[in-house]
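Terms are given with their cut-offs where they first occur.

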Amino acid sequence: MSARRDKRYGHWYYRKQIRLADGRVVRIFGVPTTIGLPDNKVGAEQAERLHLDRVLKTGEVTQTPSPPKEAPKVREFVETYLDASRLQNKPSSVDAKEWTLRRHLVPAIGDLRLDQVTYAVIEDLKIELARKPARNKSKATVPPRLSAKSINNCLTILRRMLVIARKRGLIAAVPEIDWLKAPPLEFDFLDFEEAKRLLAAVDEQWRTMVLVALRTGMRMGELIALRWQDLDLVAGKISVRQNAVKGKIGTPKSGKEREIPLSNETIAALKSYRHLKGPLVFCTSEGKMLKYTELRHPLWRACRKAGLRPIQWHACRHTFASHLVMRGVPLKAVQELLGHSTIQMTMRYAHLGPEVTRDAVNLLDKPANGNVAMVRGSVMAASAES
């Protein structure tokens, strides 16, 4: 390739001398922006390839392609991107993407054409997002800034939008993105004594639900969508088949069903909790689905009575996983019980089982036995023969 950068103005171009099939030696020259490609080395190289292919096929050196149709603006392409997302993502995921676009991306770069979203524009966007306050749910006077993870989530949506635009032929290439290094996610969980105190303090009508949350690690949406038909109290297991988000029933977050065995205490609690209000296990007095807002205060009230810090329902899921790891359960088994799609999501609990690692290293202090010496002798003998 003969892509170069103009030292005076900084623009990229290409210049190359080629020999045609009829023996003529000709020179091709051009700049990538003429045909809508980005003003960088990749754009210049791609423009050169296109120009070279055209000349070799037609033999016409002066032929130049017509410029592509002007790319739409980012705000104009949003609905196309969301329509594509609706074909593959859950409604809750589409809602989250739509919210991110409306709150962060469209106000910042909505008036730019898709082909104007360059590396420099994305870098400036990162700086602007880093200065932007996050939603302040607390009463702190200084609202927190957007975290590195939240900024990376915005960049992920933007990159996917640009990929779809490229596949549709609206832009020539997707600019490179430098992702921010996000710190490991912190999570809150109750230790064994705190979990016992919470169960002792919770109101009787909510105790079974809190117990199931602590003993199964089910998500809140899975708890409120749990049906009696999903329970097998004879075999002692729950089949997690549904998840509720904003009142809409769908599949679990991973898209797959899973089974969770039940402890004897949980089985007994569910048997005594049996009701005829409707198909849902945990529901209102009329048998309707519970809302997230109805679940906050019973848990907070129990925390206050138990002398604990206020926790969210998701802390019960973290507690379930943490207790399993601290009891020595393999991470792979914890992953399957939680329904994590990748083991990386479960690795956040790995540090809670330090004794397992320490025991493994302590094996090195044990003296070598005869079997080890025998294996070493066999290896040395095989090496001598070779």
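A residue is called buried when its relative accessible area is under 20%, exposed when it is over 50%, and partly exposed in between, with a 1.4 Å probe and protein chains only. By this criterion W313, with a relative accessible area of 5%, is buried.

The model is predicted: local features need pLDDT of at least 70, side-chain atom pairs count only at pLDDT 80 or more, and totals for chains, interfaces and linings use all residues. Residues are numbered from 1 along each chain as its sequence is written, and side-chain values use heavy atoms, with hydrogens and water left out.

## Overall description

The chain has 15 helices and eight strands, where helices (H or I, at least four residues) and strands (E, at least two) are DSSP runs numbered from the N terminus. Of its 386 residues, 38% count as buried. A contact means heavy atoms within 4.5 Å. Among the contacts in the chain with a separation of 6 or more, 57% are accounted for by residues 24 or more positions apart.

## Packing of α4 and α5

Two packed helices are described by the angle between their axes and the distance between the axes. Here the axes are lines fitted to C-alpha atoms, for helices over the stretch in contact, and angles run from 0 to 180 degrees between N-to-C directions. Helix α4 (residues 119-131) packs with helix α5 (residues 148-167) at an angle of about 145 degrees, and their axes are 10 Å apart. On the α4 side, the contact is made by I122, L125, K126, L129 and A130, and on the α5 side by I151, C154, L155 and L158. These residues divide into eight nonpolar, no polar and one charged; Ala, Val, Leu, Ile, Met, Phe, Trp, Tyr, Cys and Pro count as nonpolar, Asp, Glu, Lys and Arg as charged, and the others, Gly among them, as polar.

Helix α5 also holds L162, which counts as buried because its relative accessibility is 1%. Leaving aside neighbours within four places in sequence, L162 is in contact with L114, V117, I171, V174 and P175.

G217 follows α7 and has a positive phi, near 70 degrees.

V202 is found in the loop between α6 (192-201) and α7, and it counts as buried at 8% relative accessibility. Not counting residues up to four places away in sequence, V202 touches R207, V210 and A302.

W313 is in the loop between α10 (292-306) and α11 (314-326). With residues up to four places away not counted, W313 touches M209, V210, A213, M220, L223, L295, R296 and L299. A315 is placed in helix α11 and is buried, with a relative accessible area of 5%. Apart from its neighbours within four places in sequence, A315 is in contact with D188 and F189.

The table lists C-alpha separations for three residue pairs.

| Pair | Separation along the chain | C-alpha distance |
|---|---|---|
| V202 and L299 | 97 residues | 7.1 Å |
| W313 and L214 | 99 residues | 9.3 Å |
| A315 and A213 | 102 residues | 9.2 Å |

## Cysteines

A disulfide is a pair of cysteine sulfur atoms within 2.5 Å, and the structure holds zero disulfides. For C303, the nearest cysteine sulfur is that of C316, 8.0 Å away, and C303 is in no disulfide. C303 counts as buried, since its relative accessibility is 1%. C154 likewise counts as buried, at 2% relative accessibility.

## An exposed loop residue

K246 is found in the loop between β6 (243-245) and β7 (248-250). K246 is not a glycine, yet it has a positive phi of about 55 degrees. At 69% relative accessibility, K246 counts as exposed.
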